[in-house]
Amino acid sequence: MMYTSKTIRKIVLITVAGLSSFSCKQSIEDNASGETFKDAFKDKFYIGVAINRRQAMQKNEKEATLIKQYFNSISPENDLKWENIHPEPGIYNFNPADAYVKTGMESDMFIIGHTLVWHSQTPDWVFTDDHENLLTREQLLERMKDHIDAVVTRYKGKIKGWDVVNEALNEDGSLRDSKWRTIIGDDYIEKAFEFAHAADPEAELYYNDYNLYKAEKRSGAIKIINSLKEKGIPIKAVGEQGHYNLDRASLEDIEATIQDFIKAGVIVNFTELDISVLPEANAEATADVANSEAYKEDLNPYVEGLPAEVEDHLAQRYGSIFKLFVKYEKHIDRITFWGLSDADTWLNNWPVRGRTNYPLPFNRDYTLKKEVTKAILDAAK
């Protein structure tokens, strides 16, 4: 996901002064057992975190230490998306992605590539010629292949799994009318997987999307899986992004999601997990980055801090979900939190700019939410 700028208003923020009092020792002591997420679930599945460019380049020693201590897998928030790594024709900006991969390799982490083909955060030039005419099918396929070859081959043997195609479905399970589909056709997904597999035959390949807990949308993902498998094209796992809130999605729907993908013959990963504590800003409840809603006071109720009863609800929610993950641990390879802390979460500015959200186990000052952490760790027992 991507970040948006903050609207100007009187909001209480945790500032650098709060960060200055942080210490890694303090954060671990907040966790009574001293056990970290990666240690607790080491025999079950990877525990990952999405990191931003500052964290990938290890600009902040405190953040870098926490990432190494608590997680054994990383995903890049933005630096492997087309607009950042391949911003202009023939020009690649590999430096941030190189730093990201280096960070993961230094700690022997399972490194994820996110993402190769997506309708969003892809420059307009990708789809047009020098005269701004739309490319033909063959021209766009060639451009897709060249990009995948360049990026995947560079990190061959280092990035272990790729989100090959991201968010290709509408909420009803039909294929999104992206430029990829409009120009190439429905088989653009198959071609992307073919190109990625050819570039690194050992890498795991994934389809990634949000709201797969909804049966209609999940049926579309299963059609993609079946189509790939019928043609002998490898797909290891599906990533359910897991952008939930305190009530949505139900445990029954999440369990049905896991069960249906098991039947489809793939691993089920939860790739962008966060749990919003704020009111829903729109009825659609999608994670489409294009969504934008106007700021209203009642949509931002916890500017001064998270009430204890809401944090307790968040802890119960995380605990219940992780217990479900453990129940199906043989069919799950990875759980990834989408952001290191509440200070880093995209949900502060999406779909409403300028809100104060608390969706992650780490607070804004990088201390742990005690009850949330306990609930997650207890689920491993």
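Good morning. I begin with Gln139, which has its place in helix H8, residues 137-154. Helices here are DSSP runs of H or I of at least four residues, strands are runs of E of at least two, and both are numbered from the N terminus. Before I continue, please note that residues are numbered from 1 along each chain as its sequence is written. This is a predicted model, in which local features need pLDDT of at least 70 and side-chain atom pairs count only at pLDDT 80 or more, whereas totals for chains, interfaces and linings use all residues; side-chain values use heavy atoms, with hydrogens and water left out.

Buried means under 20% relative accessible area, exposed means over 50%, and partly exposed lies in between, with a 1.4 Å probe and protein chains only. A polar atom of the Gln139 side chain lies 2.9 Å from the backbone nitrogen of Thr136. Between Gln139 and Ile183 there are 9.5 Å in space, C-alpha to C-alpha, although the two are 44 residues apart in sequence.

Let us turn to the strands. In a regular strand the side chains alternate between the two faces of the sheet. Strand S6, residues 237-240, can be read in this way: Ala237 and Gly239 point one way, Val238 and Glu240 point the other way, and all are buried.

Which strands pair with S6? Strand S5, residues 204-209, pairs with S6 in the parallel sense over 4 bridges. Pairing requires that DSSP finds at least two bridges between two strands. Within this pair, Val238 in S6 has Tyr207 standing opposite. From S5 the chain crosses through helix H11, residues 215-230, to S6, and this β-α-β crossover is right-handed. The term right-handed applies if, with the strands pointing away from the viewer, the path from the first strand over the helix to the second runs clockwise.

S6 also pairs with strand S8, residues 267-276, in the parallel sense and over 4 bridges. Here Ala237 stands opposite Ile267 in S8.

Why is S8 described as largely enclosed by the rest of the structure? The reason is that 10 of the 10 residues of S8 are buried. Strand S7, residues 243-245, runs parallel to S8 and is joined to S8 by 3 bridges, with Asn245 opposite Ser276 in S8. Strand S9, residues 334-337, pairs with S8 in the parallel sense over 2 bridges, and Ile335 in S9 is the bridge partner of Phe270.

Next, consider helix H13, residues 308-327. H13 has 20 residues and reaches 29 Å from its first C-alpha to its last, close to the 28 Å expected at 1.5 Å a residue. The expected span is 1.5 Å times one less than the number of residues. Among the buried residues of H13 are Val310, Leu314, Tyr318, Ile321 and Phe325; Glu311 and Arg317 are also in that list. What covers the buried residues of H13? The cover includes strand S1 (46-51), S7, H12, S8, S9 and helix H14 (370-379).

My last topic is charge. Side chains of opposite charge can pair when their charged atoms come close. A salt bridge is counted when a side-chain nitrogen of Lys or Arg is within 4 Å of a carboxyl oxygen of Asp or Glu. How many salt bridges does a search of the whole structure find? The search finds 25.

One of them joins the side chains of Arg54 and Glu63, at 2.6 Å from N to O. Arg54 is partly exposed at a relative accessible area of 35%, whereas Glu63 is buried at 2%. Another links Arg181 with Asp186, where the closest N and O atoms are 2.7 Å apart. Arg181 is partly exposed at 24%, and Asp186 is partly exposed at 45%.

Glu194 and Lys191 also meet in a salt bridge, at 3.7 Å from N to O. Both lie in helix H10, residues 188-199, and are 3 residues apart, about one turn of the helix. Finally, salt bridges that share partners join Glu171, Asp209, Lys214 and Lys217 into one network. Thank you for your attention.

How values were computed. A polar contact is a pair of N or O atoms within 3.5 Å; within protein, one must be able to donate a hydrogen and the other to accept it, and residues adjacent in sequence count only if both atoms are side-chain atoms. Contact means heavy atoms within 4.5 Å.
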